[in-house]
Amino acid sequence: EQFLNQVSDEILNDYNIKKTAYDNYLVEKGIWEKLKEEKEQEKQANIIGEAALAVVGKECASLEFPPDNIFSKLQKQEFSKVGDLIQEGEKGRYDAVVIGRRGLSIIEEAFEDSFSTDLFNQSFTFPVWLCRSSSPHRKNVLLYLDGSETSFRMTDHVGFMVSMEKIHRVDILISKEKADPAATLEKCKEILLGHGLSEELIQHK
């Protein structure tokens, strides 16, 4: 009887060892399959990303952007879409970050929770341009001011960008409810003139 019990224990132990090994195999196989799937998804995302960059590059060339001024970067998502955008904007110290139609939907989604709202209010310092559509034939800039320091920083940014061509008129629109129109207009003009814009290119609506 003791011998039979010993044999039974050995058989049971052997079964448990084999079962554990088989279970581990299944787990490892599942992990491997998942890794393969993720690798394939990453490969497809890279193909789509490279194609998108090629289209944008051709568009920039058609608008006569100097080739040396065009730099392409394809990056895997590390945080959230918004988080990655803010990190790149800060790290690159860009004059502006331009977001198109899809970017607008990302921002709209981000504002659905209070954390993201706080993120946009405090955590980045670069200007953001929101563009639903664009045309190289459109001209001039509408500058809306409320008399805050933020609006004057915006004025400084507009002056800096517009001064590069000096063909765009800046139309100033001031909120009477939130600002002293005369003082705000005077300071705005001072900033724009400091960037080399002529009086003819500054208009108060």
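Across which strands does helix α6 lie, and at about what angle to β4 does it run?

**View 1. Helix α6 on the sheet.** In this predicted model, helix α6 (residues 181-194) lies across β3, β4 and β5, and its course makes about 155 degrees with β4. Axes are lines fitted to C-alpha atoms, for helices over the stretch in contact, and angles run from 0 to 180 degrees between N-to-C directions. Helices (H or I, at least four residues) and strands (E, at least two) are DSSP runs numbered from the N terminus.

**View 2. The open sheet.** Three strands, in the order β3-β4-β5, form an open sheet with parallel pairing, where two strands pair if DSSP finds at least two bridges between them. Because β3 (141-145) and β5 (202-204) stand at the edges with a single partner strand each, one side of each is left without a neighbour in the sheet. From one strand to the next, the twist averages 25 degrees.

**View 3. The pairing of β4 with β5, and helix α5.** Strand β4 (residues 170-174) pairs with β5 in the parallel sense over three bridges, and Asp-171 stands opposite Gln-203 in β5. Helix α5 (residues 149-162) packs on the sheet and touches β3 and β4, contact meaning heavy atoms within 4.5 Å; the direction of helix α5 makes about 165 degrees with that of β3.

**Notes to all views.** Residues are numbered from 1 along each chain as its sequence is written, and side-chain values use heavy atoms, with hydrogens and water left out. As the model is predicted, local features need pLDDT of at least 70 and side-chain atom pairs count only at pLDDT 80 or more, whereas totals for chains, interfaces and linings use all residues.
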